[in-house]
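Have the sequence and the coordinates open as you read.

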Amino acid sequence: MAYHFENVKMEKGMYGRSGRTFAQTLEELDPSEQYRGTALEGLDAFQRQLKRFDIHVKGAGSDCVEKFFHTSDSAVLFPEFVSRVVRQGLEEESVLPAITATVTRFDGMDYRSIASVPTEEQKQLRRVEEGAEIPRTTIRTQENLVRLHKRGRMLVASYEAIRFQRLDLFSVTLRQIGAYIGRMHLEDAIGVLKNGDGNQNPAPVFTVGTAPITKGTTTLSYGALLDFWSQFDPYTMNTMLVSSDMMLAMLKLTEFQNPLTGLNFQGTGTLTSPLGAKLLRTSAMPAGTIIGLDKNYALEQICGSEITVEYDKLIDRQMERAAITSISGFAKLFTDAAKVLTVTG
């Protein structure tokens, strides 16, 4: 049986289409729907091209980098391979999905989000009498734009240096580049959670030892965490971003040494606090700082672009300086859905 993917003409221009990625363009030319019920079902258009040119990218039997460059058609696949592996590294250890309420795709560098800022009276749930006016929720656009930032790394390597390297080994370096980019985006997200997105919406800051957080002591205690948790009504503190020193201090608390908490951590690798919040430790957090948030209402992630590579240089084997970038930004949704706790003792 002849398959259409074997006759697709590969060219550089497939990367340059406005609003379309290489993978989307390739999928248009070779739709996956045509392969239902065949041996190729489950592969996307890019994976079918790897099969076409007999390129193995994983495992001990993976091919060398130079396999992509045996023909001009197969060379066109190399930037997409790099992009996919970098994206895998970005997503593997990323905590962004655990702290963002929604992801918005946006083609540009300046984005204007929306906001709803109810008064205390509007927050109250009141019965509506017959003929009475129904309470309002006002949604408006933010006054200031949210700026998106380009984050990336420069891939510096000659073709001669990597041509004989196995693709499986080369992928390790690419995944590390993705992890670096993900760390940069996380730092941006933490900055917005703490300081706001430029629309006068920084997170409220509480300090251990200062009312209402366990007045009289400056060291972290379970009582201080309970006081912090109680500040979130009507939201729910279901996620906590903590620095390394704060994670260590929390694990030393008696309440965190509950056998059931330990069993859950040992069995699933997920550490949940006795408060029910998911704990996320990251070195991107400043020392002595905890951010509590309701992940369903606190943060919006704006993606200006997916992982982008300089495809011309990669296809032409001019890899001495090839940029790998991603554009992203963050906007605060509801200011009180995220709060900061600082510990000075």
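Asp54 is partly exposed, at 43% relative accessibility (buried means under 20% relative accessible area, exposed over 50%, and partly exposed in between, using a 1.4 Å probe and protein chains only). Its phi sits near 55°, a positive value in a residue other than glycine. You'll find Asp54 in the loop between α2 (45-52) and α3 (72-75); helices here are DSSP runs of H or I with at least four residues, strands are runs of E with at least two, and both are numbered from the N terminus.

Gln200 also has a positive phi near 55°, again in a residue other than glycine. It lies in the loop between α8 (167-195) and β7. With 79% relative accessibility, Gln200 counts as exposed.

## What kind of model this is

This is a predicted model, so local features need pLDDT of at least 70 and side-chain atom pairs count only at pLDDT 80 or more, while totals for chains, interfaces and linings use all residues. Residues are numbered from 1 along each chain as its sequence is written, and side-chain values use heavy atoms, with hydrogens and water left out.

## Cis prolines

Pro212 belongs to the loop between β7 (205-207) and α9 (222-229).

There's another cis peptide bond between Asp233 and Pro234, where omega is about 15°. Pro234 sits in the loop that runs between α9 and β8 (239-242).

## Salt bridges

How many salt bridges does a search of the whole structure find? The count is 16, where a salt bridge is a side-chain nitrogen of Lys or Arg within 4 Å of a carboxyl oxygen of Asp or Glu. Among them is the pair Arg17 and Glu28, whose side chains meet at 3.0 Å, N to O. This pair links distant parts of the chain: Arg17 is in the segment before α1 (22-29) and Glu28 is in helix α1, eleven residues apart. Arg17 is partly exposed at 36% relative accessibility, and Glu28 is partly exposed at 40%.

Asp188 and Arg151 make a salt bridge too, at 2.9 Å from N to O. Here the link joins helix α8, which holds Asp188, to strand β6 (residues 149-155), which holds Arg151, and the two residues are 37 apart. Is Asp188 buried or exposed? Asp188 counts as buried, because its relative accessibility is 15%. Arg151, on the other hand, is partly exposed at 25%.

Lys313 pairs with Glu310 in a salt bridge whose closest N and O atoms are 3.7 Å apart. Lys313 counts as partly exposed at 29% relative accessibility, and Glu310 is partly exposed at 31%. Elsewhere, Lys9, Arg52 and Asp73 are tied together in a network of salt bridges.

## Around Thr325

Thr325 is part of strand β12 (residues 322-332). A relative accessible area of 15% puts Thr325 in the buried class.

Which residues does Thr325 touch, leaving aside its neighbours within four places in sequence? Its contacts (heavy atoms within 4.5 Å) are Lys150, Arg151, Gly152, Glu306, Ile307 and Thr308. Arg151 is on that list, and Arg151 is also the salt-bridge partner of Asp188.
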